[in-house]
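Please look over the sequence and the model below before reading on. The paragraphs after them go through a few parts of the structure in turn.

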Amino acid sequence: LAQGGLSCSGFHLLFAMRAFVRRAGPVAQSSSLFGPSRLAQAPRCFSSAKANPRAKFETSAGSFEAELYLDKMPITASNFIALAQQGYYDGIHFHRVIPGFMAQFGCPNAKDPNSRRAGTGGPEPRTKFTNLANGEEISRNSGGCIPDELIAKISNEPGTLSMANTGQKDTGGSQFFINVAHNDFLDWFNRSTPSKHPVFGKIDVGYDVVVKITKVKTRNDNPAEPIVMQKITVTGVPE
């Protein structure tokens, strides 16, 4: 279940500085080596003419809202929606924030804000969820991770929600990060680095809250004063 002691969703983003990443490239644990996607088929039921679902994130530092790209990233968005509707994210803390780069969130181990295992956890193995675009049942793998969905060329621009991973194939689970810069070197379709992190949504209300979160005082990139996700509410989910 692990890569170097990490569960499949234990994406570390071990980039002390964005400049370091651009210069030297990501280290092995946080680089991505995905092959071509097996998920090139367009969704059969969800119409792009319909409004995408929305998520409201209520944190101890303020609230923000995002559009979820169910039309373009059906499996990844559906995975997030399923977890949010289960209350999976409620009570989890942001475990890594870097100003001018990103805020990372979603590890269940980070319910303890001081856990040394923060960044290594994810959903339970073999759990299932529904692809809301076409009704297909999707099974997470033995590490609790979903299939790579490298189909939509959406860049890691400021405000985007992007999947975290270990750098190996099919290793995205529950963790994601919110970009506060245009981190195009993390795009799966940018061949300048091996990193491949697909975007599945974008903040359109309260982006300043996330920027503020990335600028708090930290210890080893972990907020010195814990910032907890109180609740994520998803609306506009197709029936």
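**A covered helix and its surroundings**

The buried residues of helix α2 are Pro74, Ile75, Thr76, Ala77, Ser78, Asn79, Phe80, Ile81, Ala82, Leu83 and Ala84. The model is a predicted one, and in it α2 is mostly covered, with 11 of its 12 residues buried. The length of this helix can be checked: at 1.5 Å a residue, its 12 residues should span 16 Å, and the C-alpha atoms at its ends are 16 Å apart, which agrees. Just after α2 comes glycine 87, whose phi is positive, at about 80 degrees.

In soluble globular proteins, nonpolar side chains tend to be buried together. The largest nonpolar core here has 43 residues, and the members that touch the most others are Phe57, Phe80, Tyr89, Leu161, Phe176 and Ile232. Helix α2, residues 74-85, gives the most to this core, namely six residues.

Residues up to four places away in sequence aside, phenylalanine 57 touches Gly62, Ser63, Phe64, Ala66, Phe80, Leu161, Phe176, Met229, Lys231 and Ile232.

Which residues is asparagine 131 in contact with, leaving aside its neighbours within four places in sequence? They are Pro74, Ile75, Ser78, Glu136 and Ile138. Pro74, Ile75 and Ser78 are also listed among the buried residues of α2. Asparagine 131 itself lies in the loop between β7 (128-130) and β8 (137-139). Its relative accessible area is 3%, so asparagine 131 counts as buried, the cut-off being under 20%. The side chain of asparagine 131 also reaches the backbone nitrogen of alanine 133, at 2.9 Å.

Arginine 126 is found in the loop between β6 (102-105) and β7. Although arginine 126 is not a glycine, its phi is positive, at about 65 degrees. Is arginine 126 buried or exposed? Its relative accessibility is 56%, and exposed means over 50%, so arginine 126 counts as exposed.

Asparagine 220 sits in the loop between β12 (218-219) and β13 (222-223). It is not a glycine either, yet asparagine 220 has a positive phi of about 55 degrees. With a relative accessibility of 77%, asparagine 220 counts as exposed.

Key: Residues are numbered from 1 along each chain as its sequence is written. This is a predicted model: local features need pLDDT of at least 70, side-chain atom pairs count only at pLDDT 80 or more; totals for chains, interfaces and linings use all residues. Side-chain values use heavy atoms; hydrogens and water are left out. Helices (H or I, at least four residues) and strands (E, at least two) are DSSP runs, numbered from the N terminus. Buried means under 20% relative accessible area, exposed over 50%, partly exposed in between (1.4 Å probe, protein chains only). A polar contact is a pair of N or O atoms within 3.5 Å; within protein, one must be able to donate a hydrogen and the other to accept it, and residues adjacent in sequence count only if both atoms are side-chain atoms. Contact means heavy atoms within 4.5 Å. A nonpolar core is a set of buried Ala, Val, Leu, Ile, Met, Phe, Trp, Tyr and Cys residues joined through side-chain atoms within 4.5 Å. The expected span of a helix is 1.5 Å times one less than its number of residues.
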